Amino acid sequence: MSRLSARNRDREAPAPEPSQRVPRAPTLLDALLPIVVLIVLLVLTIVLFGIDATNGPLQVALLLSAAFASLMAFKNGFTVAGVADAAVGGVTSAVGAIFILLAVGALIGTWNMAGTIPTVVDIGIRLLSPTWFYLATAVICALVGMVTGSSWTTAGTLGVAFVGMARVMGVSEAAAAGAVICGAYFGDKMTPLSETTILVPKLVGGRLTVGEHVKNMFWTAGPALGISLVAFMLLGLNAEPEATISTDAARQALAEAFDISALNLLPLLVLVLFAVLKYPPFLSILGSALFAGILAPFTQWEAVQAFVDDPDLGPVATSIEAIFSAMATGFVSDSGVPQIDELFSRGGMASLLTTIWLVLGALSFAAVMEHAGFLQRLLAPIVTRARRRGSLILAVNGSGVGLNVIAGDQYVAVVLPARMFRGEFAKRGLAPQALSRAVEDSGTVTSVLVPWNTCGAYISGVLGVSTAAYFPFCFFNILSPLLDVLYGYLGFKVPKATEPWEDTSEAVEQHPTSMGQEAP
């Protein structure tokens, strides 16, 4: 049984405390106060530290908010042990995502060392002009996302390369990151390989199939991507590249720093092969990272030697040390060209530790809020006051976006609305796919827009672009919930139930890795 469903059951029928006290149901004020504290602390850290808030202050704010929520839970009769177990459970649910974060850090380090990312960048700057760069980035990432079923894998591999290309071309890295995100999230939603695309129909129930869910989502996802592509085309047409190094000079510097060849793309092919074989995400990414590390001494020996910088070591010892160092702390390029060295000197598991800290802080707060019943207390009035079709769909989308902000966990933002709004949608005669689309358009695609959300923290960490910087360019992610709400009020493509709903919803047997679109 999932962490979420288990906690919901515990709240519905709480076991008596040792002192025979039963926890009290929270008041609306009880539920609101931790949110107020969170907002005040988050605003304070952003005002004081700006985009550097994610380097520590934001994490402290989340942990302090979790502590305050715990005090409110104690006031309502929850025991220290119960709240502590809930917090530990929340952190435990992120272990899978943490392992994937570490694996992606290792992959970026070894892919740089093996020349994989430099080769992709070289191909990109040779074939793509700044005019069509953003548009091509979104389209390619959409196709890759559909093949892999994972926006995380798409962003952590090709996304890193595309942001690197933007820097070399002298165009906006934030816009490039936005194009990566738009394409990756569209591809993720339009494939039956995506974990959330499979999960949501199961949560909604009503005998809804994944195919019906995907088909109905296209009515919002398709136009949202189409508008996004037009926006990226206009951005490209009006782009004014400000590269500090010319394209020819950049390619020459790349050729001097790395041996650019098709062999360097083997780690990418290995990752795609693992995806096709449906290997677990962590093992797939880590396996590709290790393969790239082993390949590097054979294809990039001079770069490996310069990276280790220890002439007393033999070839084998140098290779082993390079693999460990690139996976642990990242690769450091020493080509002598500052722009190239800055671009490819990154990666390593250590580079994502701050992101992991952010995830742990957000999930601790979400776990306490969930265990104490605060999140349900906040949602209950929204469910009961949604009287009409449009306001009901607005309520689902608002709940999904709000939970991404408050809970910092995409799966809370997906599971809670899917469960709590099922009865209302069935009573209003709306089809299950109307609810599933609203849940996905809000809970899934907007998670990347919140800096302390697991998805936002991951994407920002791997792309090296702050959430605040890429937010304005995430057209698809912003438009998806807006279109769904608009359709709700217009009655456009909001299917009605042809037969009474049956409760075929399933409990999540294992809380998925908090990565939203996870299987690579």
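This is a predicted model: local features need pLDDT of at least 70, side-chain atom pairs count only at pLDDT 80 or more; totals for chains, interfaces and linings use all residues.
I shall begin with the largest pocket. It holds about 670 Å³ of space. Its lining is made up of 31 residues, and those nearest the centre of the pocket are T54, N55, S460, G461 and S466. Which helix supplies the largest share of this lining? That helix is α24, with four residues. At least two residues each come from α3 (57-75), α5 (95-113), α18 (353-371), α24 (454-463) and α25 (467-470).

I turn now to the cavities. How many cavities of 30 Å³ or more does a search of the whole structure find? The search finds three.

Of the 13 residues that line the largest cavity, V160, G164, R167, L343 and R346 lie nearest its centre. Helix α8 (151-169) gives the most to this lining, namely four residues. Helices α5, α6 (116-127) and α17 (338-344) are also among those that each supply at least two. Eight of the lining residues of the largest cavity are nonpolar, two are polar and three are charged.

The second largest cavity has a volume of about 40 Å³. Its lining consists of W111, T116, I117, V120, T157, L158, A161 and L268. Here, α6 and α8 are the elements that contribute two or more residues. In the lining of the second largest cavity, six residues are nonpolar and two are polar, with no charged residue.

Thank you for your attention.

Methods:
Residues are numbered from 1 along each chain as its sequence is written. Side-chain values use heavy atoms; hydrogens and water are left out. On a 1 Å grid over the protein atoms alone, a cavity is a set of points where a 1.4 Å probe fits but cannot get out, and a pocket is an open set with protein on both sides within 12 Å along at least five of seven lines; lining residues have an atom within 4 Å of a point. Grid points are joined across faces, edges and corners, and a volume is the space filled by probe spheres set on the points. Ala, Val, Leu, Ile, Met, Phe, Trp, Tyr, Cys and Pro count as nonpolar, Asp, Glu, Lys and Arg as charged, and the others, Gly among them, as polar.
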